[in-house]
Amino acid sequence: MTDVVVVTGAASGIGEELARSLAREWTVVAADLPERLAELELAADEHGFVAVGADVSRPQDVEALFEHAGRSGRIGGVVSCAGVTRPGHVSETTPEMFDFLIGANLKSNFLVMRAALLALRRQGGAGSVVVVSSINATIGLPSQAVYTAAKAAVNSLVTAAAVEGGPYGTRVNAIAPGLTRTRGMSPRAGDEPAENRAIPIGRVGQPVDMVGPVRFLLSDESAYVTGSIISVDGGLMHLRPPLTDEDRQR
Ligand SMILES: NC(=O)c1ccc[n+]([C@@H]2O[C@H](COP(=O)([O-])OP(=O)(O)OC[C@H]3O[C@@H](n4cnc5c(N)ncnc54)[C@H](O)[C@@H]3O)[C@@H](O)[C@H]2O)c1
């Protein structure tokens, strides 16, 4: 039996592509919000993975997800991909929206990393956790202030979890996608030739661009890599775009 890999945020975008692709090599247990379970189940039937409804910002859902995964076999990897963004500068963001974005992007990753460390340690320790962060954690994006702050905190948790897990064989890393064409994060991405030109490699990323780096981090090929945040962004983070006229007029 192959090891189990848990993938969150699997009903759409990057997580959907990861669940499908990783299911060719591993037993994938894929989760998304309970209200998206029906569509996840359709994809699960087609691509051969197990679908679970779980809101990963809720501790009880994360616990149930890992219990389910543990019943499917030995957990060898966890990919924490679920995330949500909403536009909003600091001055425009309500406290309620702050709580929502922190719950969906920071608490969710904390809960999944925590459950992963505990589950892997119970099994003896060996395993790999990959978190899907964002280059915005490093370069900032004033128009998505809280999302960006949450991702920066996620990077910090990744490094802390890597130090915690290292002694017993659990590796924890992140990929940091750049602009990637998905419904959730960048619905317009790729429509604008200017967006493609703004990226050194010359095009907006696709979900499939994330598969190789995640597979590498899950596999023993990366046995000596932990605590790393790997940009998968076509070189975008090395640009420093100037403020737009709209930014200056705020
Ligand atoms: N697309 C981009 O340009 C981009 C860039 C950088 C980082 N990312 C990151 O990649 C990840 C995937 O983004 P995407 O672009 O594929 O977006 P997406 O909206 O297409 O997919 C996100 C998935 O996460 C699920 N989800 C959200 N909150 C959840 C929760 N609490 N519990 C369970 N599932 C939940 C959604 O239902 C959705 O299926 C996110 O973490 C995002 O921050 C995306």
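This is a predicted model: local features need pLDDT of at least 70, side-chain atom pairs count only at pLDDT 80 or more; totals for chains, interfaces and linings use all residues.
Q: What covers the buried residues of helix 2?
A: The cover includes helix 1, strand 2 and strand 3.

Q: Which residues of helix 2 are buried?
A: Start with the general idea. An α-helix has 3.6 residues a turn, so residues three or four places apart point the same way. Now the case here. Helix 2 spans residues 37–47, and L40, A43 and A44 are buried in it. Looking down the axis of helix 2, you find its buried residues within an arc of 105 degrees, so they line one face of the helix.

Q: Which exposed residues does the face turned away carry?
A: In helix 2 that face carries A38, L42, D45 and E46. After helix 2 comes G48, with a positive phi near 80 degrees.

Q: What is the strand order in the sheet?
A: Strands of a sheet pair through backbone hydrogen bonds, either parallel or antiparallel. Here seven strands form an open sheet in the order 3-2-1-4-5-6-7, and the pairing is parallel. Strand 3 (50–53) and strand 7 (229–232) are the edges, each pairing on one side only. From one strand to the next, the twist averages 20 degrees.

Q: How many bridges join strand 2 to strand 3?
A: Four bridges join them, and the two strands run parallel. Strand 2 covers residues 27–32. Its V29 stands opposite V50 in strand 3.

Q: Which strands does helix 4 touch?
A: Helix 4 (residues 95–122) packs on the sheet and touches strand 1, strand 4, strand 5 and strand 6. Its direction makes about 175 degrees with that of strand 4. Helix 1 (residues 13–22) lies across strands including strand 1 (4–8), to which it runs at about 165 degrees.

Q: Which residues have the most contacts inside the largest nonpolar core?
A: In soluble globular proteins, nonpolar side chains tend to be buried together. The largest nonpolar core here has 71 residues, and V6, V7, V28 and A30 have the most contacts inside it. Helix 4 gives this core its largest share, eleven residues. Take V7: beyond its neighbours within four places in sequence, its contacts include L18, A19, V28, A30 and V79.

Q: How many helices and strands does the protein chain have?
A: The protein chain has nine helices and seven strands. Its radius of gyration is 18 Å, close to the 18 Å from the globule rule for 250 residues, so the chain is as compact as a globular protein of that length. Of the 250 residues, 46% count as buried.

Note on methods. Residues are numbered from 1 along each chain as its sequence is written. Two strands pair if DSSP finds at least two bridges between them. Axes are lines fitted to C-alpha atoms, for helices over the stretch in contact, and angles run from 0 to 180 degrees between N-to-C directions. Two residues are in contact if their C-beta atoms, placed from the backbone, lie within 7 Å. A residue is buried if 20 or more other C-beta atoms lie within 10 Å of its own, exposed if 12 or fewer, and partly exposed in between; C-beta atoms are placed from the backbone. The arc is that of the directions from the helix axis to the C-beta atoms. A nonpolar core is a set of buried Ala, Val, Leu, Ile, Met, Phe, Trp, Tyr and Cys residues joined through C-beta atoms within 7 Å. The radius of gyration is taken over C-alpha atoms; the globule rule is 2.2 Å times the number of residues to the power 0.38.
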